[in-house]
Amino acid sequence: LADGVGADRAPSWRLALAIEPSSWPSSAMLHARQLLHAVQGVNARAAAWGALGAAGLAVAWSRARSEDKMPDAIPPGATERHRIVVVGGGSAGISVAAQLLRKLGSANADLAIVEPADFHYYRPHFTTTAAGLVPYGHAFRPMARVMPRGARWIKAAALHFDPEHNVLVLENGARVEYDFLVVATGMRMDMMQIKGLEAALEGDCGVSTIWDYRWVRKVWAGIRNMDHGVALFTQPRKGRGCGGAPQKIMWLADDYWRTKTLVRDNVEVEFVTGRDALFPVPKYAEALAEIGVERGVAVSYNLELVEIDGPNRIATFEDQHGKRSSRHYDFLHVTPHMGPPAVIANSPLADSKSGFVDVNQYTLQHPRFSNVFALGDSANVPTSRTIAAITAQAPVLVQNLIINLQEVCVWEGHPAS
């Protein structure tokens, strides 16, 4: 079912129907329902797995099956041209490329994917791996195995965007000219904004995160080995990743301690968020707060994690007035700050406020460069950066690109966090 991008097991049919394109609700409502499903059901771990599997299946449907594809290289200083260039080989880039190739055919599309990585990482599986639901190896595949048939894989990093001349400059100085450009570079985890975070992640300090594949296995080890003490889960005030992910891992850990190791009575669980609510939709924020009370999970609002003293296991938080407070932890799961990659933020494509690619939130078209589109984590649309958003955005982008912007297909997206 997965075919290299989505989940590796069949999701529940109800969740699969929930994300069927003809009946797709807003990403905010779907995401919230999945989160509530994960924490309310008798088997929270299975419910969360089903939700993530269904989202993965939606992405898997959107791409063509391919054989392993060997990458191509452009000599330094050389120039080549393609009708469509997709920058990024994550779920967004692969999904759009597969749909374009399926609709246009490889010869007509003349599509190249610019991606330097050897492996494709499926981020929703970081949570399931961190909760012990699936093996670590299910969270990634060789990039060659997920490249759509008919695409040219240029294995290089983008260095500079020159949309005035329809040129993408690669890290070795080679140039790729295009008629249409799709930007799907993802976003950057800014670990440096929290003092001591990187050192704590690298050391034996009880600190972990699901947001970087290098540390996913540390999360599961910490959950599995926890038998007593204080477990803190954090969320930044302005994080633009999946709004529910920082909570999902907490509810899954809570379930594991409650039903598997039976140590929950010895573990003090607290969710510390920089925001003033557990979810931006009041209906779901209230429901989640009630569940927190029922399960003995403390919630602290408007507190931002600013520093970690790993050796002494002390986390320091700052409120909206700048007042700081510290607390001891035994297990600390951190959601880091996130932002646009430098190659985007420093380019003419960037929105001056956010640094992400500036696009019309309904058409995913750049307002100044009409042959440039963006989606997923790299676009400045007012949603969470999630796989659910990508599954809704990709068909709209593909349709608008194919009709050469003469007719406009509108994505009715809604803020999710």
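User: Which residues does S208 touch, not counting residues up to four places away in sequence?

Analyst: Contact means heavy atoms within 4.5 Å. Beyond those sequence neighbours, S208 touches L201, W215, K218, V219, F331, L332, H333 and V334. Please note that this is a predicted model, in which local features need pLDDT of at least 70 and side-chain atom pairs count only at pLDDT 80 or more, while totals for chains, interfaces and linings use all residues. Residues are numbered from 1 along each chain as its sequence is written, and side-chain values use heavy atoms, with hydrogens and water left out.

User: Where is the place of S208, and is S208 buried or exposed?

Analyst: Helices (H or I, at least four residues) and strands (E, at least two) are DSSP runs, numbered from the N terminus. S208 belongs to strand β10 (residues 207–208). Buried means under 20% relative accessible area, exposed over 50%, and partly exposed in between (1.4 Å probe, protein chains only). With a relative accessibility of 1%, S208 is buried.

User: How many aromatic pairs does the structure hold?

Analyst: Rings of Phe, Tyr and Trp (its six-membered ring) pair if their centres lie within 6.5 Å; planes under 30 degrees apart count as stacked, over 60 as edge-to-face and the rest as tilted. The structure holds 9 such pairs. In one of them, the ring centres of Y121 and F140 are 5.7 Å apart and the planes stand at 45°, so this pair is tilted. Y121 lies in strand β3 (residues 119–121) and F140 in strand β4 (residues 140–142), so the pair ties together parts 19 residues apart in sequence. Y121 is partly exposed at 27%, and F140 is partly exposed at 22% relative accessibility. Another pair is formed by F279 and Y284, with centres 6.4 Å apart and planes at 85°, so it is edge-to-face. Both F279 and Y284 are buried.

User: Which residues do ring pairs link into a cluster, and which charged end sits over the ring of Y136?

Analyst: The cluster consists of F119, Y121, F126, Y136, F140 and Y213. A charge sits over a ring if NZ of Lys or CZ of Arg is within 6 Å of the ring centre and within 35 degrees of the ring normal. The charged end of R217 sits over the Y136 ring, 4.0 Å from its centre.

User: Which residues are buried in α11?

Analyst: Y284, A285, A287, L288, I291, G292 and R295 are buried in α11. On the other side of α11, P282, K283, E286, E290, V293 and E294 are exposed.
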